[in-house]
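Student: Please take a close look with me at the side chains in this model. I would like one connected explanation, with each term made clear as we go.

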Amino acid sequence: MPPPQVPASPPFVPGMPPPQAPASPPLAPLPQGTVGQLQDSGSVQQQLLGPVKELTWKYPEMPVEPTSPPVQFQLREPVSVSSVAATCDENMVHVQVKKDLFGSGELIRASDISLGGCGVTGEDSVAQICFFSIEALILFPPFPIQMTNDTLVYSFSLTYLPTAASNTSAPIVRTSGAVIGIECHYLRLHNVSSNALQPAWIPYAATKIAQELLVFSLKLMTDDWQFERPSNVYYMGDLIHFEASVKQYNHVPLRVFVDSCQVTPYPYAASAPSYLFIQNHGCLVDSKLTGSSSRFLPRTQDFKLQFQLEAFRFQQGDTGSLYITCVLKATAAASPTDAEHKACSFVGQKWAGAGGEDQLCSCCDGTCGSRKARDLTSVMSHQFCNLIHLWVN
């Protein structure tokens, strides 16, 4: 049978609409009981695989941290203190210096102060006062003299140069040096003059970083430990409150530890001088070396660990900046603590653990380490370095 003839399309004329293709005739339904020879490919797959189920699993999203409420915080400003008094007699000058020279509660040593090159001539251990007495000022003046029409002025300096304790290996001091000018004005009547102290306090600033899915943080906290401290300024005698934490998100519950913390005056952990105030896998040694109130606070939550450090500066190589590098560790909260995962403070002339692990702290006077291999199938450990920059003006 010859093929059907297809009608020819009319020629295209510019300006006229294109010809329309003829509509396809509707398909005639198949007789009942017969199977069509053509089927939709999707229908074939549905018959072979069954009903398609919608996927409900989605990739987990990182939680959004809540916004912290505004913190009611007021920075403590230094105030002038009356810790030096001078009395100018006709042939002698008497100077009294309180050992709490800066009014911060940190007592100075008598060997660290001098008056015109002369040392302390007496001390009052009850009132915590040092005395200086310089005789024969008029007959043999060893100090600069200024002559005016009405006065004769003797000028000399009270110098405080803090030194580290000789019985400790910590190269730090917790007070600033000071030079206090004293003048004696001689007229017919005696005149007492003492310049007010204007110490140069040291402010601090800090930053924190996190890494990977185990989010570690090391924050500066307010004195009540309720909020992150909005200011990074501290003064000598202040306590710096730190809060180390780990957020596990999709991990099992974790327990965080501060393995070590080192302070340097430069932004390099290998710079000198340096002070390792947390060492030996969680031993906070600053309180034992310097007699400070630095310590770990009792642990209340496994994923948080709080500790406080008394502010200080380096005696030598003081650049005006302090850089703290801390190593944080996290283990499964269900795993027991051991000599390499602890938080120990020297309080009351003995070592004590922040979580009650006092027996593990006995090694802080020696070398702490595991006596047997750890079971890596039941305990996972993560290590993270957190660098805090403390700038000092």
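Tutor: Let's start with the rings: Tyr275, Phe277, Phe312 and Phe314 come together as one aromatic cluster. Counting rings of Phe, Tyr and Trp (its six-membered ring) as a pair when their centres lie within 6.5 Å, there are seven aromatic pairs. This is a predicted model, where local features need pLDDT of at least 70 and side-chain atom pairs pLDDT 80 or more, while totals for chains, interfaces and linings use all residues. Residues are numbered from 1 along each chain as its sequence is written, and side-chain values use heavy atoms, leaving out hydrogens and water.

Arg229 sits over the face of Tyr234, 4.1 Å from the ring centre (the rule: NZ of Lys or CZ of Arg within 6 Å of the centre and within 35 degrees of the ring normal). Likewise, Arg299 lies over the face of Phe257, at 5.1 Å from the centre of that ring.

Now for the cysteines. The model has five disulfides (cysteine sulfur pairs within 2.5 Å). If you number the bonded cysteines in sequence order, they pair as 1-2, 3-5, 4-9, 6-7 and 8-10.

Take Cys261 and Cys326, whose sulfur atoms are 2.0 Å apart. Their link is right-handed, with 110 degrees about the S-S bond. This pair connects distant parts of the chain, 65 residues apart: Cys261 belongs to strand 12 (residues 254-264) and Cys326 to strand 18 (residues 321-332). Strands here are DSSP runs of E, at least two residues long, numbered from the N terminus. Both Cys261 and Cys326 are buried (under 20% relative accessible area; exposed is over 50%, partly exposed in between, with a 1.4 Å probe and protein chains only).

Cys344 is joined to Cys361, again with 2.0 Å from S to S, and this link is left-handed at -80 degrees about the S-S bond. Because Cys344 lies in strand 19 (residues 344-347) and Cys361 in the loop between strand 20 (350-353) and strand 21 (382-391), the pair ties together parts 17 residues apart in sequence. Cys344 and Cys361 are both buried.

Cys363 and Cys368 form another disulfide, with sulfur atoms 2.0 Å apart. The link of Cys363 and Cys368 is right-handed, at 105 degrees about the S-S bond, and each of these two cysteines is buried.

Cys118 counts as partly exposed because its relative accessibility is 37%, whereas Cys130 counts as buried because its value is 0%.

Methods. Helix = DSSP H or I, 4+ residues; strand = E, 2+ residues; numbered from the N terminus. Phe/Tyr/Trp six-rings, centres within 6.5 Å; stacked < 30°, edge-to-face > 60°.
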